[in-house]
Amino acid sequence: DVEALESRFEASMLAFMKSLDKLDDKTFYQSSTLDKWTPAEIADHIIRSHEVFLAAIADVLKGKPALIMPKGYLSAEGNPISPEDQIPIPRRARADLKKDLQTSYKGLRDTFNQAVQAGQLELVCMTHAFLGEVSIFEAMQLSCWHLRHHSRQLPLN
């Protein structure tokens, strides 16, 4: 259901932003464990991921070919490793991250709404390294899951 997906995306994004807002600067820029991203880096990764999904959806709506994601890799623990273009930039300014999170969220939401209006939700917008072909509707579901996944990695506040 499109309305439920849109609501879930909005609720996931709002919850993620609220969790970040509750963190003091020390916690925002500090990793909880060695080799893990800081909350600031997680925020930048979400922005970069939103931009990938947004571009993939926008391109197929313009008649361009679906995005083919790079080959996927797993860590020693079996967790997926982010593609190079989604690895975060460390120590970005907090205000810039917040602005870019809002911008990337709105851009992805609006592009998804264009697909809804065009009746193109089943159009394949990318071939994911682990998931295979992903439709526009599935890409938005993946975006919701991705936000919840990384929200769980934020320190408790």
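Salt bridges and cysteines in a predicted model

Arg94 and Asp25 form a salt bridge (a side-chain nitrogen of Lys or Arg within 4 Å of a carboxyl oxygen of Asp or Glu), with their closest N and O atoms 2.7 Å apart. This is a predicted model, in which local features need pLDDT of at least 70 and side-chain atom pairs count only at pLDDT 80 or more, while totals for chains, interfaces and linings use all residues. Residues are numbered from 1 along each chain as its sequence is written, and side-chain values use heavy atoms, with hydrogens and water left out.

Reader: How many residues apart in sequence are the parts that Arg94 and Asp25 tie together?
Author: Helices here are DSSP runs of H or I with at least four residues, numbered from the N terminus. Arg94 lies in helix H4 (residues 94-118), whereas Asp25 belongs to helix H2 (residues 25-28), so the parts that the pair ties together are separated in sequence by 69 residues.

Reader: How many disulfides does the structure hold?
Author: A disulfide is a pair of cysteine sulfur atoms within 2.5 Å. The cysteine sulfur closest to that of Cys125 is in Cys144, and because the two are 14 Å apart, they are too far for a bond. By this rule, the number of disulfides is 0.

Definitions and conventions:
Helices (H or I, at least four residues) and strands (E, at least two) are DSSP runs, numbered from the N terminus.
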